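Dear colleague,

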Amino acid sequence: MRMLGVLGGMSWESTVTYYQLLNRGVRDRLGGLHSAPLLLHSVDFAPIAARQKAGEWDAAGQVLAEAARGLEGAGATALLLATNTMHKVAAAIEQAVDIPLLHIGDAVGQALQGQGVERAALLGTRFTMQEAFYRERLGQHYGIEVLVPGAQAISEIDRVIFQELCVGQFLPDARAFYLDQLAQLKAQGAQAAILGCTEIGLLLEGCESPLPLVDSGERHVAMGLEWMLDCAL
């Protein structure tokens, strides 16, 4: 198996899920006592989040670029950035290393294309929903139109992510609010919903959704497994 590097900690709640799913995927594929050959650099999220809020994306990108160089030097053959929002600085990471960054937008785009989806709802941080980096990748590479909630709903979705989900709180009121937003986006023509924050899948786990869900973290892990095992899963 190929060694995979994981840039995590943003938040560590979702990084735990990445670790579990990568190992379960290898176990299910190979059986026995097999587990995933991984290198993990888990950053302190507080300074990264502060730079996000201040719009200091170049500085945040340099932190992750340095971490990526360390993973490459330790033997990683490809990288997973275990967060949606920080793919805004994917170019800085890619320029810092000679190994591929397996992009979460490609994992999501391929999944939506495979389902024949042309219009998809997107829930995530306000950065992921409002800025162009995510929507443009899906539109330009996969022909997918992305629908997002209104401004007030975006603010509340973002608040829940940073003040609740990232600290391990998965509350019924937040779950109901997210499901209501998906119902409204379905009424606007969405055919499926992208869980574009790696913690949202934890919040909605086991729920009956008004739209088919594409969990970005799960699809990203599947891409990582394909790389590690050098085969289509």
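Is F162 buried, partly exposed or exposed? At 25% relative accessibility, F162 counts as partly exposed, where buried means under 20% relative accessible area, exposed means over 50%, and partly exposed lies in between (1.4 Å probe, protein chains only).

This is a predicted model, in which local features need pLDDT of at least 70 and side-chain atom pairs count only at pLDDT 80 or more, while totals for chains, interfaces and linings use all residues. Residues are numbered from 1 along each chain as its sequence is written, and side-chain values use heavy atoms, with hydrogens and water left out.

Rings of Phe, Tyr and Trp (its six-membered ring) pair if their centres lie within 6.5 Å; planes under 30 degrees apart count as stacked, over 60 as edge-to-face and the rest as tilted. By this rule there are four aromatic pairs. Among them, F45 and F162 are stacked, at 6.3 Å centre to centre with 20° between the planes. This pair links distant parts of the chain, 117 residues apart: F45 belongs to helix 2 (residues 45-54) and F162 to helix 8 (residues 151-163). Helices here are DSSP runs (H or I, at least four residues), numbered from the N terminus. F45 is buried, at 16% relative accessible area.

F133 and Y134 form an edge-to-face pair, 6.2 Å centre to centre and 90° between the planes. F133 is buried at 18%, and Y134 is buried at 2%.

A charge sits over a ring if NZ of Lys or CZ of Arg is within 6 Å of the ring centre and within 35 degrees of the ring normal. The charged end of R2 lies over the ring of W227, 4.0 Å from its centre, and K88 lies over the face of W57, 5.4 Å from the ring centre.

With kind regards

Definitions and conventions. Helix = DSSP H or I, 4+ residues; strand = E, 2+ residues; numbered from the N terminus.
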